[in-house]
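Subject: Structure handover

Hi there,

Here is the structure I promised to pass along.

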Amino acid sequence: MIAVISDIHSNMAAIEAVLADIRRRGITRIFCLGDVVGYGPQPRESLDLVMENAETSLMGNHDYAVLYEPNKFNAGAEAACYWTRQQLEDEPDAQRRAARWSFLGSMPVKHVIEAPEVGADEIVFVHGSPRRPINEYLFPDDVFSNASRISGSFDRFNHLCFVGHTHVPGVFLDPPDFYSPDELKNVFSFKSGQKALINVGSVGQPRDRDPRASYVIVEPGKIEFIRVQYDVESMAQKVFAVPELDNYLGARLKEGR
Ligand code: ZN
């Protein structure tokens with residue numbers, strides 16, 4: 001079995017709860033689709049947990065922003081990015097500091113595996129989309145308003161593709177169509193030779209009006225969407241306690257949007 005996590009956003013309580021849930025299921029292969037940092041109050045701890053537990057962690061637009069520079073960020077996201085960078089710089093232990101920077105700097109933008117143990121001929125992992133791995137958003141509404149963007153993604157993989165970035169979990173099919181976890185009763189069954197693009201949702205800042213941490217597990221022939229409760233209130237308080245982090249970033253955790 002495989003677990004796929006994404007968009008932790010420096011939310012340590014959420015990633016801890018998800019990792020505990022994954023361990024409880026006996027799953028040892030964990031792939032992270034990026035945005036380990038950005039927005040939240042605990043970038044160091046979140047990076048350490050992903051570094052220790054994930055087989056591969058991809059580069060998201062927020063990881064890129066902290067390492068290089070933000071690209072089309074709003075004011076709150078940009079301020080959080082610079083604060084995060086300073087937190088990593090201010091780590092007093094030189095070895096830890098260097099380990100985190102080198103982890104960020106070596107994140108690939110795309111990762112491909114064969115996974116016969118779950119019946120997958122090929123699994124492609126990216127943060128945004130297979131066409132523009134770091135920055136392109138694939139929203140549920142795009143199946144109506146931007147169908148060529150969805151088809152353009154399907155042209156670039158052969159079986160299963162996992163993405164994050166929008167923080168909205170669900171399954172895209174081609175011809176362009178989208179199914180939320182609710183519509184799927186949390187389980188999507190796949191066949192060999194069939195293409196599906198799966199958004200795993202966000203561990204640390206869900207935006208589908210369910211504040212619980214989101215991730216997926218891949219079992220032979222099926223994908224299950226999982227939600228995990230964590231202490232949202234105390235995480236919001238931690239955001240409020242950092243002046244550089246916009247209060248909105250704490251408030252939205254409680255609403256899951
Ligand atoms: Zn994100």
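In helix H5 (residues 94–105), Arg100, Trp101, Phe103 and Leu104 are buried, where buried means under 20% relative accessible area, exposed over 50% and partly exposed in between, with a 1.4 Å probe and protein chains only. Seen down the axis of H5, these buried residues fall within an arc of 160 degrees, so they line one face of the helix; the arc is that of the directions from the helix axis to the C-beta atoms. The cover over them includes helix H2 (43–53), strand E3, helix H3 (61–67) and helix H4 (75–89). Helices (H or I, at least four residues) and strands (E, at least two) are DSSP runs, numbered from the N terminus. The length of H5 checks out too: at 1.5 Å a residue its twelve residues should span 16 Å, and the end C-alpha atoms are 16 Å apart, which agrees. The expected span is 1.5 Å times one less than the number of residues.

Before going further, a word on the ground rules. This is a predicted model, in which local features need pLDDT of at least 70 and side-chain atom pairs count only at pLDDT 80 or more, while totals for chains, interfaces and linings use all residues. Residues are numbered from 1 along each chain as its sequence is written, and side-chain values use heavy atoms, with hydrogens and water left out.

H2 is worth a look alongside H5. Its buried residues are Pro43, Arg44, Ser46, Leu47, Asp48, Leu49 and Val50, and they pack against H1, E2, E3, H4 and H5 (contact means heavy atoms within 4.5 Å).

Now the sheets. Strands of a sheet pair through backbone hydrogen bonds, either parallel or antiparallel; here, two strands pair if DSSP finds at least two bridges between them.

Strand E2 (residues 29–32) runs parallel to E3, joined by two bridges, with Cys32 opposite Ser57 in E3. E11 and E12 are antiparallel over seven bridges, and Ala213 has Val228 in E12 as its bridge partner. These two strands form a hairpin with two residues between them, and Gly221 in the turn has a positive phi of about 75 degrees. Axes are lines fitted to C-alpha atoms, for helices over the stretch in contact, and angles run from 0 to 180 degrees between N-to-C directions.

Another open sheet of six strands has the order E4-E5-E6-E10-E7-E8, again with mixed pairing. E4 (110–115) and E8 (177–179) stand at its edges with a single partner strand each, so one side of each is left without a neighbour in the sheet. From one strand to the next, the twist averages 20 degrees. Strand E6 (residues 160–163) is buried at every position, with Leu160 and Phe162 pointing one way and Cys161 and Val163 the other. E6 runs parallel to E5 (residues 120–126) over three bridges, and parallel to E10 (residues 196–199) over four.

Which residue of E12 would I click on? Ile223 lies in that strand and, at 0% relative accessibility, counts as buried. Phe188 stands opposite Ile223. Beyond its neighbours within four places in sequence, Ile223 is in contact with residues including Leu160, Phe162, Ile198 and Val216.

Finally, the cores. A nonpolar core is a set of buried Ala, Val, Leu, Ile, Met, Phe, Trp, Tyr and Cys residues joined through side-chain atoms within 4.5 Å. The largest has 48 residues, and those with the most contacts inside it are Ile5, Val18, Ile22, Val203, Tyr215 and Tyr230. H1 gives the most to this core, with seven residues. A second, separate core of 25 residues includes Leu58, Val118, Phe162 and Val218.

Best wishes
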